[in-house]
Amino acid sequence: MPKAETITSAANPLLKDVRRAIARGSLTEQGWCVAESFHLLEEALRSDCAVKMVLAADSVRSAAEQHVRRLAGVKVVVLPDALMQSISGTEASQGVMALVQPPEWKLEQLFRGCSLVVVLDGLQDPGNAGAILRAAEAFGATGALFLKGTVSPFNSKTLRASAGSLFRVPFLHGVDSSLARAALRQHQVTLYAAVPAGGRVPARALGDADLTAKCGLIIGNEARGVSKELRSAALDLSIPTVGVESLNAAVAAGILLYEARRQRALRS
């Protein structure tokens with residue numbers, strides 16, 4: 001492991017780049033995502049992602065170096081605790097950030113085997129998006145599409161909520177809705193749009209849907225739901241509820257994905 005470097009100035013170009021990436025929910029200028037916390041550092045390493053650099057507060061320097069001690073070429077950059085806190089995207093920083101080269105996925109990788117694709121259509125809350133990707137991995141989804149207007153997968157909150165699943169679940173982001181429709185149609189994927197129970201237009205109940213074939217589950221914007229363009233290409237699907245008409249987007253996605261997993265396990 002290379003000798004650790006120390007940075008003490010907030011005006012350092014690297015730190016300014018990291019701060020911008022966190023504020024914008026984007027990659028750094030070098031194309032690295034900012035994975036903040038020891039857990040995400042561990043998940044990146046477990047996922048065989050290239051960890052390019054680790055920023056560590058002085059108080060946790062030894063712990064950070066311990067994590068990457070056997071890895072060649074990973075630079076550890078040490079910052080005073082106050083400086084690390086000033087660039088952190090969390091109120092209670094653990095004092096470590098990994099700059100990770102995220103995987104680059106191709107469209108075909110999302111449709112391998114009996115496809116189960118999650119389509120995020122205008123979802124805005126990064127916590128919801130990350131939790132959905134976590135559920136996608138847990139229940140065997142083959143990939144995810146972040147359509148234009150959806151929160152960035154590289155938003156630090158999205159990454160944290162995914163608990164590392166964004167390092168492993170194939171996804172594309174910034175995809176135009178019309179291109180997504182064409183790709184899903186080309187791969188013979190049946191689309192289901194998640195809608196509230198008790199809507200004006202009757203929807204198919206989850207228990208009546210066959211999710212064992214190739215399918216895509218569309219999760220819409222938290223306030224507006226699925227866009228008209230995608231809903232027109234999909235079958236409405238609702239989760240039967242008692243006392244409430246709609247569920248949090250991440251909760252709904254988790255239920256839909258679990259049901260798909262359950263049906264497929266029974267069929268196999």
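**Salt bridges and sheets in a predicted model**

Arginine 134 is partly exposed, with 35% relative accessible area, in a model that is predicted. Its salt-bridge partner is glutamate 137, at 3.8 Å from N to O. Glutamate 137 is likewise partly exposed, at 29%. Both residues belong to helix H6 (residues 126-138), where they sit three residues apart, about one turn of the helix.

This pair is part of a network of salt bridges that links Glu43, Arg46, Arg134, Glu137 and Arg168. Arginine 168 lies in the loop between helix H7 (156-162) and strand S8 (171-175), while glutamate 43 lies in helix H2 (residues 38-46); the two are 125 residues apart and link distant parts of the chain. Both are buried.

The whole structure has ten salt bridges. Another of them joins arginine 231 to aspartate 236, with the closest N and O atoms 2.8 Å apart. Here arginine 231 is partly exposed at 33%, whereas aspartate 236 is buried at 15%.

Tyrosine 192 has leucine 235 as its bridge partner in S12 and leucine 217 as its bridge partner in S11.

Elsewhere, five strands form an open sheet of mixed pairing, ordered S1-S4-S3-S5-S2. Strands S1 (5-6) and S2 (33-36) stand at the edges with a single partner strand each, so one side of each lacks a neighbour in the sheet. Helix H3 (residues 61-68) packs on this sheet and touches S3, S4 and S5.

Note on methods. Residues numbered from 1 in each chain as written. Predicted model: local features only at pLDDT ≥ 70, side-chain atom pairs only at ≥ 80, totals over all residues. Heavy atoms only, no water. Pairing = 2+ DSSP bridges. Helix = DSSP H or I, 4+ residues; strand = E, 2+ residues; numbered from the N terminus. Contact = heavy atoms within 4.5 Å. Axes fitted to C-alpha atoms, helices over the stretch in contact; angles between N-to-C directions. Salt bridge = Lys/Arg side-chain N within 4 Å of Asp/Glu carboxyl O. Buried < 20%, exposed > 50% of the residue type's maximum accessible area, 1.4 Å probe, protein only.
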